[in-house]
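Subject: Structure for you to look over

Dear colleague,

I am passing on the structure we spoke about, and below it I have set out what was found in it. Please read the notes with the coordinates open beside them.

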Amino acid sequence: MKSARSLLAATALLGALAFSPAYSAAPEPREVVSTYADIAQAMYEDALKAARNLSKAVDAFLATPNEANLKAAREAWLAARVPYQQTEGFRFGNPLVDEWEGKVNAWPLDEGLIDYVDTSSYGEASDENPLYRANVIANKQIRIGRDQVDAGKITKELLSEKLQEAGGVEANVATGYHAIEFLLWGQDLNGTKAGAGARPASDYSLDNCTHGNCERRRDYLRAATELLVDDLSEMVEAWSADGAARKDLTAKPPEEGLSTILTGLGSLSYGELAGERMKLGLILHDPEEEHDCFSDNTHNSHYYDQVGMTAIYNGRYVRPDGNVFEGASLAEYAKSKAGDAAGKVEAAMKSATDKLGAIKQRADKGVEAYDQMIAEGNAEGNRVVEEGVNALVAQARAIEGLVSALGLKIEIEGSDSLDNPSAVQ
């Protein structure tokens, strides 16, 4: 019997490879935009459902904090990443989504804000972040600038209103998937050697507490998980029939709605995924420059970003339960208006899916994790990641070509890692 994680991977893979939407007639732009909004709502609904499953697994773990339940909570976190990552194509074209995204998926984070760290690898202090080792779990009073903040009780409000980006420092990430990831796995102290974080279940034990402050650590994990559910609920509502994100989109002329779709796909392909999440790590050869750095799940996060982009473009989303949502697609519209440019986008998306699939397969087969692939001196691993970067860049260029062929205008998010690599060396 396949695990839930395997089934999620299998259904999403089928969706990624389905480059021939079933929608037969060339749709109107307003129909394409409507499908786009419906897929956004469906994806966020699935991300919310997975986050609720994660919350249940965390509750079970905290009720009986043993290694088996910790493993189950970790598996629930990994499963929750699959639907969420597919939503990232909605970010850059929709300001409401992009402004909200930092609450749930901000990275990288200075984990010393949250809990204990190994200073031999993490360091003692940071010139850029006064809260680099604030360790709110161990400290009931936190100074943020001139303010003395009462952290006596760890609540959702403390995390979201006081600690998230505290002091205006983006690395002060107190909420979202990666804060929870750190709390479940702990630091990955293996560098470019095999292995992820190995936090013991006893860090949450009330009877046999390790590393101190177990009750507060439990409060933090519970609050962060509940907050993730709250935040995803907000985004599901935003894409509902009367939601703010859908209203913002449908208030635009339909052709501008197409530009919104293509802005999200192009910017995620180029500046965000190819640039900040992949090329930067290759330039620096830094194992910390991986999106899911505590769990060694980065290969999946990158891959499901691409799965989501193909779903959005093709108007065809394979849900975690295997059901398929499909409707009027940008792919079909593009074929009817600019066949050559559309063909190039389709080919580029197929190539990017294959190249990111190769990264995923390399990790899934146990050859090496993503942080090992980007290590200095690992020519083969570097090559596999570089091919993924190049395929994503080609995908972005094909999208730009389609934009031009359709007579639209967009601005794609850039990245120093691609545009000015000497600036990040």
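The second largest pocket has a volume of about 440 Å³, a value that, like the others in this message, comes from a predicted model. Its lining is made up of 16 residues, and those that lie nearest its centre are W107, P108, E170, E272 and E276. Two elements, α4 and α10 (254-284), each give two or more residues to this lining, and α10 gives the most, with four residues. By class, the lining of the second largest pocket holds six nonpolar, two polar and eight charged residues.

Two of the residues named there deserve a further word. The peptide bond from W107 to P108 is cis, with omega near -15 degrees, and P108 is found in the loop between α4 and α5. E272, for its part, belongs to a network of salt bridges that also links E88, R91, D98, E101, R277 and D305.

As for the largest pocket, about 540 Å³ of space lies in it. Of the 29 residues that line the largest pocket, L109, D110, E111, Y122 and E288 are the closest to its centre, and the elements that give two or more residues to the lining are α5 and α7. The lining of the largest pocket divides into eleven nonpolar, eight polar and ten charged residues.

Turning to the charged pairs, a search of the whole structure finds 30 salt bridges.

R217 forms a salt bridge with D115, in which the closest N and O atoms are 2.7 Å apart. Because R217 lies in helix α8 and D115 in the loop between α4 and α5 (119-122), this pair ties together parts that are 102 residues apart in sequence. R217 counts as buried, since its relative accessibility is 0%, and D115 is likewise buried, with a relative accessible area of 2%.

The side chains of E234 and K103 also meet in a salt bridge, at 3.1 Å from N to O. This pair links distant parts of the chain, with E234 in helix α8 (residues 214-238) and K103 in helix α4 (residues 95-105), 131 residues apart. Here both partners are partly exposed, E234 having a relative accessible area of 40% and K103 one of 29%.

At 1.5 Å a residue, the 17 residues of helix α11 (residues 298-314) should span 24 Å, and the end C-alpha atoms are 25 Å apart, which agrees. Since 17 of the 17 residues of α11 are buried, this helix is largely enclosed by the rest of the structure. After α11 comes G315, whose phi is positive, near 60 degrees. α15 is followed by G407, which has a positive phi near 75 degrees.

Most residues other than glycine have a negative phi, and most peptide bonds are trans. Against that background, phi of E165 is positive, near 55 degrees, in a residue other than glycine; E165 is found in the loop between α6 (156-163) and α7 (177-185), where it is partly exposed, with a relative accessible area of 38%. H211 is another residue other than glycine with a positive phi, near 65 degrees. H211 is found in the loop between α7 and α8 and is partly exposed, with a relative accessible area of 48%.

With best wishes

How values were computed
Residues numbered from 1 in each chain as written. Predicted model: local features only at pLDDT ≥ 70, side-chain atom pairs only at ≥ 80, totals over all residues. Heavy atoms only, no water. Salt bridge = Lys/Arg side-chain N within 4 Å of Asp/Glu carboxyl O. Buried < 20%, exposed > 50% of the residue type's maximum accessible area, 1.4 Å probe, protein only. Expected span 1.5 Å × (residues − 1). 1 Å grid on protein atoms, 1.4 Å probe; cavity = no way out; pocket = protein on both sides within 12 Å on 5 of 7 lines; lining within 4 Å. Points joined across faces, edges and corners; volume = space filled by probe spheres on them. Nonpolar A, V, L, I, M, F, W, Y, C, P; charged D, E, K, R; others polar.
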